[in-house]
Structure formats: structure tokens, C-alpha cells
Amino acid sequence: MDKKVQLIYDNNTYEFPLVEGTEKETGIDIKTLRAQTGLVTLDPGFKNSGSCQSEVTFLNGEKGELKYRGYSIEDLADGADFLEVAYLLIFGELPTQAQLEKFQSDIHKESLVDEDLKLILKSFPRSAHPMGALASLTSALTAFNPESVDIDSDQDMYEAIVTIMAKFPVLCAWTHRKVKGLPLNYSNSSLGYVDNIAQMMFRRPTENYVSNDIVNRALNKLLILHADHEQNCSTSTVRIVGSSHAGLFASISAGISALWGPLHGGANQAVLEMLEAINKDGGDTKKFMAKAKDKNDPFRLMGFGHRVYKNFDPRARIIKKSADEVLNELGINDPILDIAKGLEQEALNDPYFVDRKLYPNVDFYSGIIYRALGIPTEMFTVMFALGRLPGWIAQWREMRKNNEPIGRPRQIYTGQVDKVFTDISKR
Ligand code: SDX
């Protein structure tokens, strides 16, 4: 018997079906609520509302679990290449060696970006935030690759996927080079996906490029950890923009802007700025903890808390361990890491944080590794976007393949009513 819930309203009883997922989460299907009852629901921030059914990623916030297409984030972060994980998220299965090689080869074929895009980058001041430049450059891809995706053509969809997978890292690397005032590098088709990203970001024209295995392994792990995360703010943005049948590149450009916010992907930059402020202030973590708990102070402990995880963010555990390894391998002793660990320990023993189930999230330690790799703070969220790209693609593709309706939430109007217009001469 299908499970249902009952709603009693205005002396009537209504029934709504329950939907159970493969990980046993259960939701109330309210697709007929307004038609049956005239009622809508109200849920600012969608804290209790599911926007879709999805096969891509699953989080268990209470247990601190994250799985991409059923594979645990721990297994993928330890054993996979980022491009393998991108293939898994987008196409639903881990690739064979032959499938991965073809994917990489097809991406290399698309890795030249129209030279005129450099003119757009050149028009930005050096002081422009890289996320603003990246969102503009990504949207501009539509101008240089105008053919819209025929969602019913697997070939069309595949070509759009390899195009954005190829050109997006080039644009990300270019924003890094712009920040550093360095000449722009081209993609190198003899390198793997992550090594090529490192090459485009770090290769100096005056020297031969030598791959750095420590850097590549750290980048590979960070990109995997950021690759997807259910219906977070930026992914929901990509989905809702795409639901109007706007193109893939335009939808991803919108997602980049959503990710930029300090409450979302911009938090990794805000965490480093916070830790540097604490360090500059003599390392007085207690002062900043008090600020974070003071309701009259807008300051938040950046990198702490999460809408879904009410336990440890599994990605934060992995990144914290990796931060120790990378700094040791690079021979770096960064006082910021010690401050971060001290802050974490204080918060994990402070009733304000414990009662609210506020734990370190993915953004708390990631910046420490990026900094050790020589990536400037303002580039941290670009690195987040570089990792999240396959997740955005996978979710956009699923939304279009499922022929989801255009996203258009309802509201409860609380404004003035029955106003009588008076001519301006009488106001
Ligand atoms: C990401 O959704 C995703 O999956 C996102 C992400 C992904 O991979 O896509 O995981 C990436 O965005 C991680 C989150 C990065 N943001 C930050 O680190 C910014 C700091 N964190 C907070 O702003 C906050 O925790 C959010 C935005 C992450 C979550 O906010 P919610 O779920 O809306 O929770 P809330 O603001 O209602 O907070 C509940 C309580 C409040 O106190 P009370 O009103 O109950 O007294 O906890 C407090 C908040 O004031 N609180 C914090 C806090 N986070 C929440 N207090 C101090 N410092 C914090 N960081």
C-alpha cells in the first residue's frame, strides 16, 4: 500500500503521497496541495523543502556522510582521479580506461579558447575579483559557442559537456594569471586534466614546466571533494536558470555568481581572511569566538556550520588531514594552520557551537592548502568553482533530461491592499 499523510484543514481531510528515496529519506509529495486545498507552503531558504528527486549525490547530515552516485567520498578522494569522478557524476558510472581516455582526448580537442575572450579579460582591472571575471568569461562562452544544446541529442549534450570541461579550466587559470600579472598559458594536450590545470596556473614562460606531484595530488583531492553537493545554493541556481531552458554555459555562469557569496563558496576566502586577522591580532581566538556568539555582532565563525551537516562535514575531515600532509611535504610551517586547529578545538567544546551542531565545513581548512600551493586568497572560490563544475553539469543535465518544469516558487503577499491611485499633482 502506498504510504500517505493526511492534512486536516477547514473541516476537510486531504491525503498526500509519501516519496521514499533509495537511502530511505522520505518526503511529502505536495504537487496537488494548492489544487486540492488552495494552500501553499512557506519555507524561506527551503530548509524543509525538496526541489527535485536526484540520482547524483546523497548527503546524510546526521551521520556526516557524502556519496557521489553511491560511492563514498572517502573512497573517491583516496582512489580516483578528478576526471574519473567528473565522468561518474555526469554520466552515472565510473568510466573504463578506454572511456576515460576518450573523454580526456575529446576534452583536449576543445581546450582552445577563442582569442577574443582575452580581450574581455583584458578589459577587467587587475583589482577585479576573479569570480566576477570568471562569471563574465563563462557567460561569454555562449557568444563564441552559440549553438544551444539539443537535450534530446546525446551527441549534442556530450559535445557541450566536453566543451565546458575543456574551456572552463582555461578561463579559471587565466583569472589566476590576471591576478598575478602573468602572461596567459594555453592548455597542454600532453598532460592529464589536473596536471594541465596546474601547468596553466603556474607555468612561467621563462622556464620549462616540471609537474609537481605533491601539488597535483593535493589539487586532485580538493577538486574531487568540491565536485558536487546535492541542491546547494549554486547548484539550485544552475538548475533554476536551466529550467527556463537557458543554455548550459549561461546556467553555469549564474551558478558561479551564487557560489561567490561568503555564506557559500566565498567562505573559503573569508576563512583565510578571518584566520589572518586572528593571527595579526596576536592569535586571540577567544575574542573572535565571543564575536561569533554575539548576536549584536554580524561576525560569524567562517568555515563553521552547514545547512545539512549537523555532524562533521566529511570533506573537512579529509582536507584537515591533507593539510598536514601537504604542508609537511612542502616543508611549510604555517601558523595559520595551528590557529585553525585551536579555533576548531575551542568551538567543538563551546556550548554555543555544540548546541547548534556547528562543525567545520569544507571551507574551513581548504584555503590553508590552496595558500601552501601558492594560490592567492582571492582565487580560492575560483578553485571551488573548478571542482564544482562537473556537479553543476550533472545536475543541469539531469534536470533537463527529466523535463523538469520551470522553477517558479509561490509566496505569501504581506503588502498593502486596495490602494486608490491619485494623480501626482494631488500627492
Ligand atoms: C558551503 O549547502 C551546501 O551544501 C554548501 C556547501 C557545498 O559544498 O555546496 O557545503 C559549501 O557553502 C559551506 C558553508 C560555507 N559557509 C560558511 O562557512 C559561512 C558560515 N556559516 C554560516 O553562515 C551558516 O552556518 C550557513 C550559511 C553555512 C548555514 O546557515 P543556516 O543553515 O541557514 O543556519 P542558520 O544561519 O539558521 O544558523 C543556525 C544558528 C543561528 O543561531 P540562532 O539564531 O539559532 O541563535 O547557528 C548560528 C546562527 O546564528 N550560526 C553561526 C554560524 N553558523 C550558524 N553562528 C556563528 N558562526 C557561524 N558560522
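In what order do the 3 strands of the open sheet that contains β4, β5 and β6 lie? The order is β4-β5-β6, and the pairing is antiparallel; here two strands count as paired if DSSP finds at least two bridges between them, while helices (H or I, at least four residues) and strands (E, at least two) are DSSP runs, numbered from the N terminus. This is a predicted model, in which local features need pLDDT of at least 70 and side-chain atom pairs count only at pLDDT 80 or more, whereas totals for chains, interfaces and linings use all residues. Residues are numbered from 1 along each chain as its sequence is written, and side-chain values use heavy atoms, with hydrogens and water left out.

In this sheet the edge strands are β4, residues 57-60, and β6, residues 71-72, each of which pairs on one side only. Strand β4 is joined by 4 bridges to β5, which covers residues 65-68, and the two run antiparallel. Several facing residues can be picked out along this pair: Thr57 stands opposite Tyr68, Leu59 stands opposite Leu66, and Asn60 stands opposite Glu65. The two strands form a hairpin with 4 residues between them, and in its turn Gly64 has a positive phi of about 70 degrees.

Arg69 is found in the loop between β5 and β6, and its phi is near 50 degrees, a positive value in a residue other than glycine. Most residues other than glycine have a negative phi.

Strand β5, by contrast, has a covered face made of Leu66 and Tyr68, and an uncovered one made of Glu65 and Lys67.

A second open sheet, also of 3 strands, has the order β1-β2-β3 with antiparallel pairing. Its edges are β1 (4-9) and β3 (26-28), each with a single partner strand, so one side of each is left without a neighbour in the sheet. Neighbouring strands of this sheet are turned by 30 degrees against each other on average, direction ignored. Between β2, residues 12-20, and β3 there are 3 bridges, and these strands run antiparallel; the bridge partner of Glu20 in β3 is Thr26.

Turning to the helices, the axes of α8 (residues 193-202) and α9 (residues 213-225) come within 9 Å and cross at roughly 110 degrees, where axes are lines fitted to C-alpha atoms, for helices over the stretch in contact, and angles run from 0 to 180 degrees between N-to-C directions. That makes α8 roughly perpendicular to α9, since angles under 35 degrees count as roughly parallel, over 145 as roughly antiparallel, 65 to 115 as roughly perpendicular and the rest as oblique. Helix α8 passes α9 in a right-handed crossing, a term used when the near helix is turned clockwise from the far one by less than a right angle, with left-handed used when the turn is anticlockwise.

Helix α18, residues 380-401, has 22 residues and reaches 32 Å from its first C-alpha to its last, close to the 32 Å expected at 1.5 Å a residue, the expected span being 1.5 Å times one less than the number of residues. A kink of about 45 degrees lies at Arg388, shortly before the proline Pro390; the bend at a residue is the angle between axes fitted to the seven residues ending there and the seven starting there. In the segment after α18 is Asn403, whose phi is near 55 degrees, a positive value in a residue other than glycine. Asn403 is exposed, with a relative accessible area of 60%.

How values were computed: Buried means under 20% relative accessible area, exposed over 50%, partly exposed in between (1.4 Å probe, protein chains only).
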